[in-house]
Structures are given as C-alpha cells and as structure tokens.
Amino acid sequence: MFGIPGKPPVTLTDAAAARVRRLMEGGEVKGLRIGVKKGGCAGMEYTMEHAAAIDPMDAVVEQDGARVMIAPMAQMFLFGTQIDYKASLLESGFVFNNPNVLESCGCGESIKFAES
C-alpha cells in the first residue's frame, strides 16, 4: 500500500461516513470499494461498488463506523483524497476532493492525474 504510516489514504466527511454506514446496514455490504479505471474525456474515472467481502489486497479505511476499501491499483491515485457526500434537489452522490487530480472534464465525470 502507498501512504504515510499512521495517516489514512483517504478521509471521509461526516456526510460521507453517514452514507456509507447506511449502505452497510443489514450486514450484507461490508463497505464501499473505490477505485479508478481508464475512461472518459480526461482519461480516468472513479469506480465505486458495494463490497460483499474485503479483498486482502485492499487498503481498508474505517472511520466513524464506515468502511471504505481501496482497490490496489487505485491506492497511489487516491492518497490524500477527502470523500464527501452531497445531496441536492436534482442530484446526490459522493464527491472526491483529490489533490492528485490535474484536471477534470467539463461534466466532472472523468479526471486526469499527473504523469509519474
């Protein structure tokens, strides 16, 4: 895993933690697995899925009763990200405040990271 010892790779706002806890109610969902994949206008897209099990290669972040698993290939791209949850009259969803993103497309669905 990429990271700084003692510092979680991602953090959750209170709203995001509350939403993940709601997803975990009932016990079937063990947490929210997040990752990145190639796609979109800017080159990469975030992925999210309800995780029924914890993969041993996932980085696991537990905060305020919420659990987020980070897929192995996404860990270096997501380090330092704050995950929020926003709800408005027209839409609701998770918002990634990622310091590693150089640019995003106009619709906000895809992102570009710095070349390593």
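Reader: How many bridges join S4 to strand S5?
Author: In this predicted model, 5 bridges join S4 to S5, residues 66-70. The two strands run antiparallel.

Reader: What do S4 and S5 form, and what sits between them?
Author: They form a hairpin, with 2 residues between the strands. Asp64 lies in the turn and has a positive phi of about 50°.

Reader: Which residue in S5 stands opposite Glu62?
Author: Arg67 does.

Reader: Which face of S4 is Glu62 on, covered or uncovered?
Author: Glu62 is on the uncovered face, with Val60. The covered face has Ala59, Val61 and Gln63.

Reader: New topic. Where is Asp58?
Author: Asp58 is in the loop between strand S3 (44-51) and strand S4 (59-63).

Reader: Is Asp58 buried or exposed, and why?
Author: Asp58 counts as buried because its relative accessible area is 10%, and the cut-off is under 20%.

Reader: What does the Asp58 side chain join up with?
Author: The side chain of Arg33, through a polar contact of 2.9 Å. Beyond its neighbours within four places in sequence, Asp58 also has contacts that include Met69, Ile70 and Pro72.

Reader: Now the largest nonpolar core. Which residues touch the most other members?
Author: Leu12, Ile34, Ile70, Leu78, Ile83 and Phe94, out of 24 residues in that core. Helix H1 (14-24) supplies at least two core residues, as do S4 and S5, among others.

Reader: Which element gives the largest share?
Author: H1, with 5 residues.

Reader: And what does Leu12 touch?
Author: Not counting residues up to four places away in sequence, Leu12 touches Ala17, Gln63, Ala66, Val68 and Ile83.

Notes. Residues numbered from 1 in each chain as written. Predicted model: local features only at pLDDT ≥ 70, side-chain atom pairs only at ≥ 80, totals over all residues. Heavy atoms only, no water. Helix = DSSP H or I, 4+ residues; strand = E, 2+ residues; numbered from the N terminus. Buried < 20%, exposed > 50% of the residue type's maximum accessible area, 1.4 Å probe, protein only. Polar contact = N/O pair within 3.5 Å; in protein donor to acceptor, adjacent residues only side chain to side chain. Contact = heavy atoms within 4.5 Å. Pairing = 2+ DSSP bridges. Core = buried A, V, L, I, M, F, W, Y, C linked by side-chain atoms within 4.5 Å.
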